[in-house]
Amino acid sequence: MKSSQPERRKFIRDTVTTAAGLAMFSALPQEAMASPALFSAKPSKSGHAQRKGNAAAPRIRFSVIGINHGHIYGQVEAVKRGGGEFVSYYAKEPDLLEAFAKRFPEAKLARSEKEILEDSSIHLVLSSIVPAERAPLGIRVMRHGKDYMADKPGITSLEQLADVRRVQKETKRIYSIMYSERFENRATVKAGELVKAGAIGKVVQTIGLGPHRMNSATRPDWFFDRKHFGGIITDIGSHQFDQYLYFTGTTKADIVASQVGNINHPQYPKFEDFGDVLVRGDGGTGYIRVDWFTPDGLKSWGDGRLTILGTDGFIEIRKNIDIAGRDGGNHLFLTDQKETKYIDCSEVALPYGEQLVNDVLNRTETAMTQEHCFLATELALKAQQQAHKMALKA
């Protein structure tokens, strides 16, 4: 994410014309606040300035196949905000359909997957089907001439990745994976804008922490079996690889070391509750830690954090909670050569849905390049495959 002084000035000028910019106006450097350009800039016409919850006028039609993970609700809302008309859905599990139908009464229940795939009016298919089934479904979707957005992990083996890459190249369809810890977190979106504007210089390293709460009583059987979810690094670690690539600008990388273990859940022998990775690339280095150890005393499913180290400063994001601090999530702390400041990102717009709809219509790659999407998954899969199996003393 290279930057320049003109880009930095443009970022500041554009930011203060949005609702998100008004929220952080008082945090801008004094020299920026003194610039006449800030007050003469015209309001942006971009949908990126939409406040959270607002939906754009429908521009594409989309459907859902498979709702096995609750992330599908966020996926649908993202596309609706971006200008998607939700038309139909199909799932094999009757127990999952009632709540979904109540949430989205505008869409109809299809009789089969085939009914959706053969509907020529559908542009895009979303899915949070069981992870190991997402790639095969995506291949069927692309071969029917439609674009695809999967929940993470969008692919659970290197063999699946090779098949998906081949079919995507043949069909020229979009295969997008919803890396929601970046796309659906307002503080992380704001961090991307700041890094692009040069707020912390050149990024050297990212440290991504992805702790999660088990809630084992509410989990389906597939959740506890690696063959279905691909392993802990493949699954929740894919978020962290996406952020590592995005913030460092890395296009080539190697796994230096990785390890996984089932430290505290012997009742689920095919499960993994801890993993970490050290990665090195042409844009920077990264450390990733993921786990299922969030205690019940935390008022969130996980204290997700991201630290971005630059040559001129650093950013720390507390995604879901600021423990013993400010309420809510989307907290960003920026430290540069002059000061340390806090930015409340709760009103920052989420651009992924609109960008993906634009890409569907224009055959572009503004939401995420196809290679970035695949490389984040490839690194997670390789780290999982190469991981040392941990065994701690009793």
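A residue counts as buried when its relative accessible area is under 20%, as exposed when over 50%, and as partly exposed in between (1.4 Å probe, protein chains only). The model is predicted, so local features need pLDDT of at least 70 and side-chain atom pairs count only at pLDDT 80 or more, while totals for chains, interfaces and linings use all residues. Residues are numbered from 1 along each chain as its sequence is written, and side-chain values use heavy atoms, with hydrogens and water left out.

The chain has 16 helices and 15 strands; here helices (H or I, at least four residues) and strands (E, at least two) are DSSP runs, numbered from the N terminus.

Now for the sheet. Strands of a sheet pair through backbone hydrogen bonds, either parallel or antiparallel. Two strands are said to pair if DSSP finds at least two bridges between them. In this model, 9 strands line up as β14-β13-β12-β11-β7-β10-β9-β8-β15, an open sheet with mixed pairing. The edges belong to β14 (340-344) and β15 (388-389); each has a single partner strand, so one side of each is left without a neighbour in the sheet. Further in, β8 (residues 253-261) and β9 (residues 274-281) pair in the antiparallel sense over 8 bridges, with A253 standing opposite G281 in β9.

Next come the salt bridges, each a side-chain nitrogen of Lys or Arg within 4 Å of a carboxyl oxygen of Asp or Glu. The count comes to 28. One of them joins the side chains of R134 and D151 (3.6 Å, N to O). This pair links distant parts of the chain, since R134 sits in helix α8 (residues 131-143) and D151 in strand β5 (residues 147-151), 17 residues apart. R134 counts as buried because its relative accessibility is 0%, and D151 is buried at 0% too.

D235 and K152 also meet in a salt bridge (2.5 Å, N to O). D235 lies in helix α13 (residues 232-235) and K152 in the loop between β5 and α9 (158-171), so the pair ties together parts 83 residues apart in sequence. Both D235 and K152 are buried.

E170 is exposed because its relative accessibility is 52%, whereas R166 is partly exposed at 41%. Elsewhere, salt bridges that share partners join D303, R305, E316, R318, D322 and R326 into one network.
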